[in-house]
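Here are my notebook pages, written for anyone opening this model with me for the first time.

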Amino acid sequence: MMPLQASGWDGMSRLPGIVLLGMNHKTAALEVREKLSLNTEEVTYLLLALKQAEGISEAMILSTCNRVEFLLVAENMQDARNRVFSELALRKNLKPELFSPCFYTHEGLDAVRHLFRVAASLDSMVLGEPQILGQVKQAYQGSTGAGASGPILNRMLHRAFQVAKRIRTETGIGDHAVSISYAAIELARKIFGSLEGRKAMLLGAGEMAELAVEHLLRHKISGILVANRTFERGLALARRFGGEAIRFEDVFENLGDVDIIISSTGAPDYVIRRADVRPLMRKRQNRSLFFIDIAVPRDVDPAINTLDNAYVYDIDDLQGVVDDNLNERKQEAGRAEGIIEEAVLRFADWVEGLALVPTIKELRTKVGTILEDELKRTLGEDWLRQGENPEALDRMVEAMVTKVLHDPIALLKSGGMHGHRDRYLGWIRLLFNMDPVENHIDSEQMPRMTPCMRKRERGDMDCSGQAVCPGQSGETGTLWRLCCGREKKDRCE
């Protein structure tokens, strides 16, 4: 699906009050992101400060290790930007010129689209990672807790959550492991099927190795042995993972009892060789044995791969799997972008519909007043006051108003007006005399539907900025108003 701007739909003019300011891993170095990272207390302080600022009615702040973003409903984008920078500089004791070049600005539909992409993890450092949606939800909770959210942001955020969930469900954006540790576990599942009941051994320590163990525990392995050259360190890790610590020299005695070995020792040479494993495979009756070697230099002899039912994957093998999986996710991202464009359009329709509410209320009030006046004139006020059931008359007036206005209101609310809702709204206000003017056009001045009018209605002719009708039908001056339903001065707009 093509972006809305490319299809001729001018979102900027439709949603001028929504502004998003921010920086992320693409626009700011880590040292800048560190300086501007906001804790919960700082977020609350800034939300309250922005909410009290003139011209800002709603606010939300998203702060993670890879981004800081301010989502606002504001009267003026530049004023809002200046206020954010001044408050941020004051809170962080920094000069705005040190971080302002790293900030991007999105308005209207662009801001909505950016939020939807962030929530769906299309803008994340790791495409498809699931944590960002929870972080956006926490940011929204912080906004509501501070009383800084309102009808626009409430609707926008709930829609973002729905879009992210739909993308997770309908695309493979979250499939295929894209971290080294998780890729290792996915490979283990391919080898063993279910990991439930399997036993693992951790050799050494390291962030990726420990993450891999955490993933294994989520898959309900039955137990874990931890071996470290420093026994006390191994004992601490075993307690953390709910496992059993063994001494490093006892590793080979226990290799036959485990199914998965995760190694990251930092040793200068192989810790486990083919000759060590070959006799174990006979004792295991050739049950599969899977080695995950995350160490550099490598801990596990790659020659073990030549043994039946023994599998060794080193860091390069795992990186290759991750790269392939990232390409798979990128293909799914195209489908996700289409879902986001559809959601942006629906949100724009909702915001556009908000402009109808005052006219609809005014229209119902006007018609209701006319009906009540006619009832008083016909039946008399005394009769209406002394009637047996005045509530019934009120219900009758309300029902009549609803039936009389059903078609014009349905027209205004319908989505099939080809982007000309303002024109229809203007016609409704004109026909029901909702904006009285001193020099009203009488009926003899009302033009018939000229060929030019038909062309404009079909979108075949553009009259923007013209002082004289390009079709030479003589439609100039105030008569332009009758073509588009809005007051115009010297030129058609």
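**Entry 1: helix 8 against helix 14**

From helix 8, Pro151, Ile152, Arg155, Met156, Arg159, Val163, Arg166, Ile167 and Glu170 take part. On the helix 14 side they meet Arg335, Ala336, Ile339, Ile340, Glu342, Ala343, Arg346, Phe347, Trp350 and Leu354. I sorted this contact by class and found twelve nonpolar, no polar and seven charged residues. Here Ala, Val, Leu, Ile, Met, Phe, Trp, Tyr, Cys and Pro count as nonpolar, Asp, Glu, Lys and Arg as charged, and the others, Gly among them, as polar.

A note on what I am reading: this is a predicted model, where local features need pLDDT of at least 70 and side-chain atom pairs count only at pLDDT 80 or more, while totals for chains, interfaces and linings use all residues. Residues are numbered from 1 along each chain as its sequence is written, and side-chain values use heavy atoms, leaving out hydrogens and water.

Helices (H or I, at least four residues) and strands (E, at least two) are DSSP runs, numbered from the N terminus. How do the axes of helix 8 and helix 14 cross? They come within 10 Å and cross at roughly 155°. Axes are lines fitted to C-alpha atoms, for helices over the stretch in contact, with angles from 0 to 180 degrees between N-to-C directions. Helix 8 and helix 14 are therefore roughly antiparallel (over 145 degrees; under 35 is roughly parallel, 65 to 115 roughly perpendicular, the rest oblique).

**Entry 2: helix 9 against helix 14**

Helix 14 has another partner on my list: helix 9 packs with helix 14 at about 90°, their axes 9 Å apart. That makes the two roughly perpendicular. I found Ile180, Ala183, Ala184 and Leu187 of helix 9 touching Ile315, Leu318, Gln319, Val321 and Val322 of helix 14. This contact has eight nonpolar, one polar and no charged residues.

**Entry 3: the largest pocket**

Next I looked for open space, and the largest pocket has a volume of about 730 Å³. For the terms, I used a 1 Å grid over the protein atoms alone: a cavity is a set of points where a 1.4 Å probe fits but cannot get out, a pocket is an open set with protein on both sides within 12 Å along at least five of seven lines, and lining residues have an atom within 4 Å of a point. Grid points are joined across faces, edges and corners, and a volume is the space filled by probe spheres set on the points.

Of the 31 lining residues, Val126, Glu129, Pro130, Gln131 and Ser179 are the closest to the pocket's centre. Which helix gives the largest share of the lining? Helix 10 does, with five residues.

**Entry 4: the largest cavity**

I found one cavity of 30 Å³ or more, and the largest cavity holds about 50 Å³. Its lining is Leu20, Met60, Ile61, Leu62, Glu69, Phe70, Leu71, Leu115 and Val118.

Val296 and Pro297 are joined by a cis peptide bond, with omega about 0°. Pro297 sits in the loop between strand 9 and strand 10.

Asn93 has a phi near 55°, a positive value in a residue other than glycine. I placed Asn93 in the loop between helix 4 and helix 5.

How values were computed: Contact means heavy atoms within 4.5 Å.
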